[in-house]
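Here are my notes on this one, point by point. Have the viewer open while you read.

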Amino acid sequence: MKNGVLNVYKEAGFTSHDVVAKLRGICGQKKIGHTGTLDPDAVGVLPVCLGNATKLCELLAGETKEYEAVLLLGRETDTQDISGTVLQEHAVTVNEEEAEEAVRSFIGTYEQIPPMYSALKVNGKKLYELARAGKEVERRPRPVRIFSIRILKTQLPEITFRVECSKGTYIRTLCHDIGKKLGCGGTMKSLKRTRVGRFCLEEALTLSRLESLAGEGRLEEALTPVEELFSRCPRLIVRPEFERLVRNGNELFPEQVIPEASAGVLPDPAAPDSGWLRVCGQDGVFYGLYAFDPKRGKSGSFRPVKMFLT
């Protein structure tokens, strides 16, 4: 079984589920999961986890994301993008300066109402299923954070911008909300996801390229190992006589591990939170992530956060 993360370039017309289904055939294994839905019409970065890396799906879904979007002012649709049914159209009377100011005003935290055409569930039903059945339900606003917005081009009624945002942000809804603030309505014309955490567009591979690599027996070259995703965490080596403990997911004590030279000293027992550490065997096998707990035992202990045993 292959373990690791593929940085897939999702092309237009594919759902995230389509990508996973295709990769199951390419990789010859069932244990695969994506890290967050990307709309069928959208393109760009979609990290896909294989094997024991599927334990990372939820963690990667929570990473900050970056997009390039084109906002079309003067139109509102039921899906909040141009694939939907037009609900209203208005003249765009604002100038470029006013439009750009409105876009930048969303930097920071704001309450965003999820769109009806989304995969969120209400009472066990996906919102897009209810929307397709002609039903609309109340959705509670959720706080999202826009870390930055850079306007790339303004040629009204269109504005192209790059946005870095938190988990759970709908760029379609951001476009809708900008149009609402300007009083002329707005919808998303196109969307490209350029980054998810450390995975960037420049390194993303199409399904056809991944299929070619698999045919050449070189798919492993495209896989990012799980441990590499936590390369900034200090590394601890388990002493050989205690490897059975870590294989069973047990806690470890300072005398049972050796800090790798690059990791420096062991965490300060008095520190309230010393962060995550990579725990590996003498042979370099990555077992999982641990966190230091200063309250356990005489000198604290390392407790498992997430294990990646195969």
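1. Ground rules. This is a predicted model, with local features needing pLDDT of at least 70 and side-chain atom pairs counted only at pLDDT 80 or more, while totals for chains, interfaces and linings use all residues. Residues are numbered from 1 along each chain as its sequence is written, and side-chain values use heavy atoms, leaving out hydrogens and water.

2. Overall picture. The protein chain has seven helices and 19 strands; these are DSSP runs numbered from the N terminus (helices H or I, at least four residues; strands E, at least two). The C-alpha trace spans about 75 × 50 × 40 Å along its principal axes. Of the 310 residues, 47% are buried. The chain exposes about 15800 Å², with carbon and sulfur atoms supplying 47% of that; accessible areas come from the Shrake-Rupley method with a 1.4 Å probe, and for residues only the protein chains shown count as cover. Among contacts (heavy atoms within 4.5 Å) between residues at least 6 apart in sequence, 65% join residues at least 24 apart.

3. The main core. The largest nonpolar core has 28 residues, and F161, V163 and I171 have the most contacts inside it. By nonpolar core I mean a set of buried Ala, Val, Leu, Ile, Met, Phe, Trp, Tyr and Cys residues joined through side-chain atoms within 4.5 Å. At least two residues each come from β4 (65-73), α3 (96-104), β10 (142-155), β11 (158-165), α5 (171-182) and β12 (186-196). Helix α5 gives the most, with five residues. Apart from this core lies another one of 19 residues, V45, C49, C57 and F230 among them. As background, nonpolar side chains in soluble globular proteins tend to be buried together.

4. F161 up close. Leaving aside neighbours within four places in sequence, F161 is in contact with a list of residues that includes Y67, L71, V103, I149, I151, L174 and C175.

5. Aromatics. There are five aromatic pairs in the whole structure; rings of Phe, Tyr and Trp (its six-membered ring) pair if their centres lie within 6.5 Å, with planes under 30 degrees apart counted as stacked, over 60 as edge-to-face and the rest as tilted. F106 and Y110 make an edge-to-face pair, because their ring centres are 5.1 Å apart and their planes sit at 75°. Both residues are buried. F286 and F308 are stacked, at 5.7 Å centre to centre and 20° between the planes. F286 is in strand β18 (residues 286-293) and F308 in the segment after β19 (301-307), so this pair ties together parts 22 residues apart in sequence. F286 is buried at 12% relative accessible area, and F308 is buried at 2%. Together with F230 and W276, F286 and F308 form one aromatic cluster.

6. Salt bridges. The structure holds 13 of them, each defined as a side-chain nitrogen of Lys or Arg within 4 Å of a carboxyl oxygen of Asp or Glu. Back to K189: its side chain meets that of E158 in a salt bridge (2.5 Å, N to O). K189 lies in strand β12 and E158 in strand β11, so the pair ties together parts 31 residues apart in sequence. E158 is partly exposed as well, at 26%. E216 and R218 also pair at 2.5 Å, N to O, and E216, R218 and E221 are linked in a network of salt bridges. In R247 and E243 the closest N and O atoms are 3.6 Å apart; R247 is partly exposed at 44%, whereas E243 is buried at 11%.

7. Backbone spots to check. The peptide bond from L156 to P157 is cis, with omega near 15°, and P157 sits in the loop between β10 and β11. Q80, a residue other than glycine, has a positive phi near 70°. Q80 lies in the loop between β5 (75-77) and β6 (86-89) and is buried, with a relative accessible area of 10%.

Terms used:
Buried means under 20% relative accessible area, exposed over 50%, partly exposed in between (1.4 Å probe, protein chains only).
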